[in-house]
Amino acid sequence: MVYFQKMTPEGYKQIEDEIVRLKKDRPRRIKILQAARALGDLSENTEYTEAKRDLGHLQSRLRYLGKQLKYAEIVKTTDDGKVDWGKTVVLKFDDDDETEEYKIVGHMEADLADGKISFDSPLGQAIMKQEAGGVATVEAPAGEYKVTIVEVK
């Protein structure tokens, strides 16, 4: 059985863009490796070892990203007013007067600093399928807290 990773169309596009960028960088890395190899004795050639390692990391990242695309399941957002994949939600935490905005994404795309939370995070699980005005209890490792869903975009 193959397990597909759910992701938004934007997340899929980000992976495609990274693959293009890495493929453009590969020839430069190969030239660096060739130049380092030409320096002579490979057993004591730090430049060669580093260039070989860097090229290996690039190749490994390309394989990893390729598999992410191969096993990606792109989810489509619905306009039903409920918190779901790809939607942006405005939340008010019970201990704070400020509101915060998050986009619900797959766990591969999650980036809290960029305002993206995973659907399977404690917060994501608590608010999924809720409507604006609803209050959800989040069971996090540090303890429970409540959030009010102000708006679903």
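How much area do domain 1 and domain 2 bury between them, and what share of it lies on carbon and sulfur atoms? In this predicted model, the two domains bury about 700 Å² between them. Carbon and sulfur atoms account for 55% of that area. On the side of domain 1, Gln5, Lys6 and Thr8 lose the most area to domain 2. Together these residues make up 54% of what that side buries.

The domain assignment of the protein chain places domain 1 at residues 5-74 and domain 2 at residues 82-152. Nine residues from domain 1 take part in the contact, along with 10 residues from domain 2. The C-alpha centres of the two domains are 34 Å apart.

One salt bridge is counted between domain 1 and domain 2. Which side chains form a salt bridge? The side chains are those of lysine 103 and glutamate 10, with an N to O distance of 3.2 Å. On the side of domain 1 that touches domain 2, three elements each supply at least two residues: strand E1 (5-7), helix H1 (9-37) and helix H2 (46-70). By class, that side has five polar, two charged and two nonpolar residues.

In an unreviewed entry, residues 6-74 carry the feature "domain: Transcription elongation factor GreA/GreB N-terminal". The chain over residues 6-74 is 78% helix and 7% strand. The end C-alpha atoms of this stretch are 6 Å apart. For residues 80-153, UniProt lists "domain: Transcription elongation factor GreA/GreB C-terminal", again from an unreviewed entry. Here the chain is 8% helix and 43% strand. The end C-alpha atoms of residues 80-153 lie 10 Å apart.

Lysine 129 is not a glycine, yet its phi is positive, at about 65 degrees. Where is lysine 129 found? Lysine 129 sits in the loop between helix H3 (122-127) and strand E6 (135-140).

Key. Residues numbered from 1 in each chain as written. Predicted model: local features only at pLDDT ≥ 70, side-chain atom pairs only at ≥ 80, totals over all residues. Heavy atoms only, no water. Domains from an automatic or database assignment. Contact = heavy atoms within 4.5 Å. Buried area = accessible area lost by both parts, 1.4 Å probe. Salt bridge = Lys/Arg side-chain N within 4 Å of Asp/Glu carboxyl O. Helix = DSSP H or I, 4+ residues; strand = E, 2+ residues; numbered from the N terminus. Nonpolar A, V, L, I, M, F, W, Y, C, P; charged D, E, K, R; others polar. UniProt positions renumbered as here; feature names shortened; annotations may be inferred.
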